[in-house]
Amino acid sequence: MASSSSYPGGRPARSLAPRPRPGAAASLIPGLPDDVAAVILCLLTFPDQSRLRATSRAWRLLLSAPTLLLLRRRLRLPSRHLLCLFPDDPTLASPILLDPTAPTAWWPLPPIPCSPHLYSLANFSALAVGSHLYVLGGSHFDARSYPLGYPSPSAAAYRLDLALSPHRWERLPNMHIPRGSFACAPAPAGGIIVAGGGSRHPTLPSYGSRINNTEWYDAATNTWHIVTPMLRERAGCVGFVARGGGDGDGREDELWVMGGYDGYTTVGGVVPNDLYCRDAVALGLWSGRWREIGDMWVEGERIRLGPMATISADDGRVTQVFMLDGHNIFRYHFASNRWLKEATLRRNIPNTELCGFVSLNGELNVIRSANVPIKISHPRRLLKKGRALEFQVYNPVSRKWRVFITHAPVSESFDCRSAALCTVEL
């Protein structure tokens, strides 16, 4: 192994590179000390690291998730968040990963395997727990059903480990209750907790059921467990785990469920009109009891809860909650149970319902489709426009905006009503 080197501050770095096995190559990169080579490989983008794992056994060991995590901690580098975009039905269109450190570096993932009789999966939940990417539930159509044309909820669960190469989806046990458009959040112990949902599909917005069931997935035993149901049926809701203000010292971890709809009426007896929820409820993960939070806004202030994004602390529990409402971003104030205006978008967007709203590395990202000119070298050809994604990035600490555009490998416009977003922390 190469001789040890030192970093600013006099901290030795001789343990950065993993110890080579007998018979392994003498150095990671010929001509460079292993410690320097380890730092270079650690700072590469995720797509590059995925491609380079097959170079040698030493590189595969170094670029594995446990080794990279240890290196980044020793180098005092911040956690790396990747954006996973599901542009359409994940059984047909491949999900894609974006490393924000290199906005042009997109990495395709394999499509989810499913039955050929099922199609048009929508309203599923995508989330990451560690290096594992999960796709749960949703609403789809079944070509074998009768009558045709009515969607049904799905109980399927899939998992993909981003630390392994090549990437493969793994089928997990089904949830006990099929559901789509439900609240979903990582549990503190490494599992997943889901609540509510229904069978509504974007192509038939006036048709669908609602449920109040709650389940918890135990990753250690690979099983689903039924827990206390919500106080009433609710679908189209969002969820996150935060330190709540429950009984006792108020340090109980809680699953918060916000927004959604719990019923609908008809306008003129024909047009359906959803009854959106203004309140929130919270489930104590230790006590197993639900409590009502109350209305988060008064009638007339807004119609429904907009897209939400959360920022978590180092322990993974949510500390800040934000909402995109029109051209404004609001911050949720836990003490007063109210939404306070935080910022206004840098660029106006005609319809924010089609936008994605997600947090990456402590910043809020508003994502929408944009048609941008493509440079053509031939002088006689007409100027064309290509598919692109526009990111408006807001930093809540500095309160500053930045905007960038990236060309994603997608053929259709990004529509958050059928697409899904999630962040992966590596």
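Biologist: Is Arg-278 buried or partly exposed, and what is its relative accessible area?
Modeller: The model is predicted, and the accessible area is computed from it. Buried requires under 20% and exposed over 50%. Arg-278 falls in between and counts as partly exposed, with a relative accessible area of 27%.

Biologist: Which residue forms a salt bridge with Arg-278?
Modeller: Arg-278 lies in the loop between β20 and β21, and its partner lies in strand β22, so the pair ties together parts 17 residues apart in sequence. The closest N and O atoms are 3.3 Å apart.

Biologist: How many residues apart are Asp-274 and Arg-200?
Modeller: Their side chains meet in a salt bridge at 2.7 Å, N to O. Asp-274 is buried at 17% relative accessible area, and Arg-200 is buried at 11%. Asp-274 sits in strand β20 and Arg-200 in the loop between β14 and β15, a separation of 74 residues.

Biologist: In which strand does the salt-bridge partner of Glu-363 lie?
Modeller: Glu-363, in strand β28, is buried at 16% relative accessibility. Its partner is Arg-402, with the closest N and O atoms 2.8 Å apart. Arg-402 is partly exposed at 42%. The pair ties together parts 39 residues apart in sequence, so the answer is the strand of Arg-402, β30.

How values were computed
Residues are numbered from 1 along each chain as its sequence is written. This is a predicted model: local features need pLDDT of at least 70, side-chain atom pairs count only at pLDDT 80 or more; totals for chains, interfaces and linings use all residues. Side-chain values use heavy atoms; hydrogens and water are left out. A salt bridge is a side-chain nitrogen of Lys or Arg within 4 Å of a carboxyl oxygen of Asp or Glu. Helices (H or I, at least four residues) and strands (E, at least two) are DSSP runs, numbered from the N terminus. Buried means under 20% relative accessible area, exposed over 50%, partly exposed in between (1.4 Å probe, protein chains only).
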